[in-house]
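Hi there,

Here is the structure I promised to pass on. Have a look at it first, and then read my notes below.

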Amino acid sequence: MAQDQMNELRNLTKKVQEIRQSNDETTARKAVEAFDETLELYLPLLMAQAKIYWDKGDYARVEKIFRKSVEFCSEHDTWKLNVAHTLFMQEQKFKEAAGFYEPIVSKNFVTLLDVSAIILANLCVCYIMTNQNEEAEELMRKVEREEDEARELDENRKIFHVCIINLVIGTLYCSKGNFEFGISRVIKAMEPQDRKLGTDTWYYAKRCLLATIETMSKHLVVIRDSVVYECLKFLDRCEVHGRGIPTIVDGPLMEGQVDSIKNT
């Protein structure tokens, strides 16, 4: 089915080019609309195919699948975003990943809070890993300013963008074996917890904590007592502020499972 859609897109592309040469704007507009409709039908098939290998952790294979569709999808934001994530996950292509994240961020640079926090976080990591620390800091400062402005309008509003960016950066350091700095960054990112503790932020925080505990249990790393005590205090505060916060996001496909959702 995906191959049929690809052939249809190829034919429509050729048709659009031929019509544009004849300067028939009305027919060209209809051909472009037909192309866009076919593209929207093709993308879910492409993503479903890519997800098979994504779930297996075969990101190189996912990249190959996306590259086959570059002639049709290169201007589509959904395609660019998924290519960026795929390159990012390979951990050796941060510069290329940044090239796909940047247009998405630039399009919403006036209101960065409209951009998904994980996109901003991944872009900051790309900058850090390619020695562009100033760009990462500038992006984080702008997000912080927007959060402060939004909080002035609504003091009770929970905004997690800066928090998630710092959590992802902390996760990066933990993954590189620098657990003390990574965990400290994670804990600092969650302050104050009455505002920063949420389902999404807890997801990233607990991953770092569990990775640290697992590594310590295997005697692969020695963590200072002061850092361990800091972690224990952090968990105590999470218990206090997280009593009513679910650890799993409730969604339309989870109907009937709400009772099984545990709180932090």
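**The largest pocket**

Helix α12 gives the largest share of the lining of the largest pocket, with seven residues. Helices here are DSSP runs of H or I with at least four residues, strands are E runs of at least two, and both are numbered from the N terminus. Before going on: this is a predicted model, where local features need pLDDT of at least 70 and side-chain atom pairs count only at pLDDT 80 or more, while totals for chains, interfaces and linings use all residues. Residues are numbered from 1 along each chain as its sequence is written, and side-chain values use heavy atoms, leaving out hydrogens and water.

The pocket holds about 740 Å³ of space. (A pocket is an open set of points on a 1 Å grid over the protein atoms alone, where a 1.4 Å probe fits, with protein on both sides within 12 Å along at least five of seven lines; lining residues have an atom within 4 Å of a point. Points are joined across faces, edges and corners, and the volume is the space filled by probe spheres set on them.) Of its 24 lining residues, Phe88, Met89, Thr171, Tyr204 and Arg207 are closest to the centre. At least two lining residues each come from α5 (77–89), α7 (117–129), α9 (161–175) and α12 (199–217).

**Rings**

How many aromatic pairs does the structure hold? There are six. Rings of Phe, Tyr and Trp (its six-membered ring) pair if their centres lie within 6.5 Å; planes under 30 degrees apart are stacked, over 60 edge-to-face, and the rest tilted. Trp54 and Tyr59 make an edge-to-face pair, 4.9 Å centre to centre with 75° between the planes. Tyr203 and Tyr204 have ring centres 5.2 Å apart and planes at 80°, so they are edge-to-face. Tyr204, one of the residues closest to the pocket centre, is buried at 17% relative accessible area, while Tyr203 is partly exposed at 41%. (Buried means under 20%, exposed over 50%, partly exposed in between, with a 1.4 Å probe and protein chains only.)

Cheers!
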